[in-house]
Structure formats: structure tokens, C-alpha cells
Amino acid sequence: MHISEGILPLNWALLWLGVSVPFLIYGARRLKRVAQTDLSIKPLVGLMAAVVFIISCMPVPVPIVGTCSHPCGTGIAAILLGPSISVLITGAALLIQAFFLAHGGISTWGADIVSMGVVGSFSGYCIFKTLRYFKVNLVISAFMGGIIADWATYAMTSIELASGIRGTQEFTPFFFQILVAFIPTQIPLGILEGFITSGMILMLYKKRPDILINLNVIEGTINGKNLP
Amino acid sequence: MEKIYPSFRERNIFSKRDARVVILTLFSLNLLVLSCKGFVLPMTLFVACSVLYGFLKISIKRVFIRFAEPLMIAGTLVLLKFIFAGEEGLRQGLLVSSRIFAAASLIIFLSFTVSFIDFIATLAWLRVPKLFIEILLLSYRSLFILFEEAAVIYQAQTNRLGYSSLRRGVSSFSSLAGLLVIKVFEHNSRLTTALIQRGYDGEFSIPEKKWNFHFSDILFAGFILGAAGWLWKV
């Protein structure tokens, strides 16, 4: 979810920007390191940012809290390219969306990166990798990764909104009010994102398993037919 | 899709100004709005931007599409604050809403007057790391290709009743997203090959921009910021 331009006061906008910068720097350093040996990685990151842009610009209004919900697309980016590069991808997609569609904003860019890019990517990636470590089916792991990435993003957005606009209200009750307000759209959207993420992984596995092997998402030979 | 095509940027007197001045002025105004404790500056900027949209002959429909999300956010915020915090909450909600209106107006105005390439050139001028600018440029260029691919796949799925029920819709959308990722890898493979054949060594060149700088732009920006600063105190 994107926090709209102007919704966060300046001090909170700067704080979230400050939190996002180290992750962006880390992602950039990692990308630079990979790019030294793999010339195709930069164009790939640019293309994935465009995919995240397309997936995450389908807003669904949230009736009470006053914002929009949508699939994030960061789960799949994190699973395929790793969470640190996914933060960079999210940053690029968010900036283009803010500029083109007034979806999100320049001042809320940092907050949106923290929720979608950092929390969404890392949580989705961790769940996916943990489940894969315990030999859980690839599709189920991707499904859970997608769901958790989405729900974690919205939990973080609720924290950002509650801290930024609570005014004289107490943080905890206001946070729960926002969180509850998200539930009607976010529970089904999270599940939808899970299906989309697992569907994408399944499609890649069926049509181009070499991509998943090259990106270290799965192990095995390219000719393997059964789901690992 | 029409919303993001470059044609959205209207040719107007502001788009011919130095993009750096326009962007920095709007950004400074945005900072003033975000740090403002009153209604006067945000509402003045909102009205001024609305008048400018009319003056620049930007269609109301186009502006409304951009405003739909901030408008809904502002409306529901007022309601939420009023329900949970009474009269004081209503005042806070209106204050935040006025900030949303003003800040959203400024960013929408920016998107109507400055092209994305000028925006990128300004980021480069501001010494934003080159790697990030490269990714922005690559994403921007890929967007239109991927949108077209997605539109073709979507049309093909719709023709075969791919979205006739929720279950089929989810399945079709997953396939669409998966195919889009496959297309990304195919494009990437072709793009990288083409780049390497043209001497690509891992670095992209950022297009150099010849700025159309006039001192009068600075004076005008200074006047606007001075007036906004005065209103900020009110």
C-alpha cells in the first residue's frame, strides 16, 4: 500500500526516509557486486521494477482508513532476486508511480520503501527460504511468501500511519483501528497475492525452470519435471 | 494505461522552463506544506494549483483521475478522526486533509509540467547515485513494452473467458503475471546481448541535458517561495 503524498508530517517523512536509505545503499552495493560478474543483472533489475510497478498500481480503496490496497509484487521480486535488490526495485517503482500517477508520493517515498520494500521483501523472502529449508513444496512456499510479504507490508504501513497521523490520540488503539480497517481488503488481497506469487513461480517452473535454477531459487537439473 | 503514456505531459509555459527550478521550487513548497501548522498555506496552494490546471487547459477528467486516491484518503481521514476523537479530531483531520490536498496538487502539477526524462536529468544534476538513475531509466523504458505485452495477454485471456469467475480470474491473473516475468527474462536476454554487441561494459550513459536556464525563473521561484513562507506563518 502506498501512503499518499502529504499524509505524513515532515518529521515522520524524514524519519522513514532515514530508515530506508541504509537498505537502499546495501541493495545498491549488492547489485554493483553482482553486476561486476553478470552484465545482465542491471537490465533485469530495471525490468523487474517495471513488473513491480504494473502489479502494484492496481489500487483497491480501503473504506475506513482512507487509503488504497493492492498486490505489492515485492514478494516475487525478493524470491527471484533477493530481498536487498528487491528494496532497490521497489524504490525505483515507487518513484515512477509517484511521478506518473500521484500514487504514493515523493515525501512518503521513504515510508513506502520501508513498508513495501524492506518489510515486505525481507519477510516474504525469509518465509519462502525457511519453508524451502524444511523441504516444503515450492508452490506452497511461494504462496506463503506472497501472503506474508503482503500482510507484513500492511502491518508496517499501519504502524507508519498510526505514528504519523494519530495527533493527540494514543498510538496503540489508533494502530489497531487502522489495522482492523485494512482487514476487509487485506485478508483477501494477501491471499490473492499468495496465489499470484505461487502462480508465477509455478509458471516459471513449468515453462522456464532454467531461470529459477540460475537465480538459485531451486536446485536441480533443468530437465527435472516433478516439483521439488 | 493511457494515464502513464508520455502524452500526459501537456505542452505549456511551465514545461518550457528549467526543470531543475520547477522541481526544486515545487519540492520546497511541499516541504513548507508538510511542516505547516495552519490551513492557509495548504489551501492557498491547492486553489492556486487548481486554477493553474484550468489555465493550462488540462482536462478535469485527467486531473480527477490523479486526485481520486488523495481525495478519498482526505475524506475518510476526516471521518475517521471525527468518529474516534470528536471535535479536536475533526480539526486534526481537516488539517491533515488540507496538507494532502496541497501536497497532492503540487505533485500532480509536477507530473503535468516536467517530463520524466527532465526529472531524471534533475536527479543526475542533484548527484543522485548513477546506479539508481540507471535503474529508473531502464524501468521507465521497459514499462511501455511490458504494458503492451500485458494488454495482449489479457485480451487473449478475456477472449477465452479467462476472467469469467473469481477462480478463473485468479488463475488467469497468476498466469498473466508469470508470463510477464518470463517475458522480462526473454527481453533481458535479448537486451543484454544487444548491449554487449554495442560495447556495453556494465555502465549506462545518462543522457546529458542542455538546461534552458533563465535568471528570471529563479526570481519568479524566489517570489513564490517568499510568498509561501509568509503564508506559512499565518
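Predicted model: local features only at pLDDT ≥ 70, side-chain atom pairs only at ≥ 80, totals over all residues.

## First stop: a bridge inside chain B

Select B:E149 and B:K183: their side chains meet in a salt bridge, with 3.9 Å from N to O. Now color the helices they sit in. B:E149 belongs to helix α5 of chain B and B:K183 to helix α6 (residues 166-197) of chain B, so this pair ties together parts that are 34 residues apart in sequence.

## Second stop: a pair in chain A

Next, pick A:D210 and A:R208. These two form a salt bridge as well, and their closest N and O atoms are 3.1 Å apart. Is A:D210 buried or exposed? A:D210 counts as buried, at 18% relative accessibility, because the cut-off for buried is under 20%. A:R208, at 24%, counts as partly exposed.

## Third stop: across the two chains

Now select B:E134 together with A:K42. Their closest N and O atoms are 2.8 Å apart, and they form a salt bridge. B:E134 is in helix α5 (residues 130-159) of chain B, while A:K42 is in helix α2 (residues 41-55) of chain A, so the pair joins two chains. With the surface on, you'll find both partners buried: B:E134 has 3% relative accessibility, and A:K42 has a relative accessible area of 4%.

## Last stop: the whole interface

Time to zoom out. Select the residues in contact between the chains: 68 from chain A and 71 from chain B. Together the two chains bury about 6,100 Å², with 80% of that on carbon and sulfur atoms. Highlight A:K42, A:F99 and A:F100, which supply 14% of the area that chain A buries against chain B, more than any other three residues.

There are also 7 residue pairs in polar contact between chain A and chain B. On the side of chain A that touches chain B, α1 (10-37), α2, β2 (67-69), α4 (83-101) and α7 (171-207) each supply at least two residues. The largest share, 12 residues, comes from α2(A). Color this side by residue type, and you get 45 nonpolar, 17 polar and 6 charged residues.

How values were computed
Residues numbered from 1 in each chain as written. Chains lettered and ligands numbered in written order. Heavy atoms only, no water. Salt bridge = Lys/Arg side-chain N within 4 Å of Asp/Glu carboxyl O. Helix = DSSP H or I, 4+ residues; strand = E, 2+ residues; numbered from the N terminus. Buried < 20%, exposed > 50% of the residue type's maximum accessible area, 1.4 Å probe, protein only. Contact = heavy atoms within 4.5 Å. Buried area = accessible area lost by both parts, 1.4 Å probe. Polar contact = N/O pair within 3.5 Å; in protein donor to acceptor, adjacent residues only side chain to side chain. Nonpolar A, V, L, I, M, F, W, Y, C, P; charged D, E, K, R; others polar.
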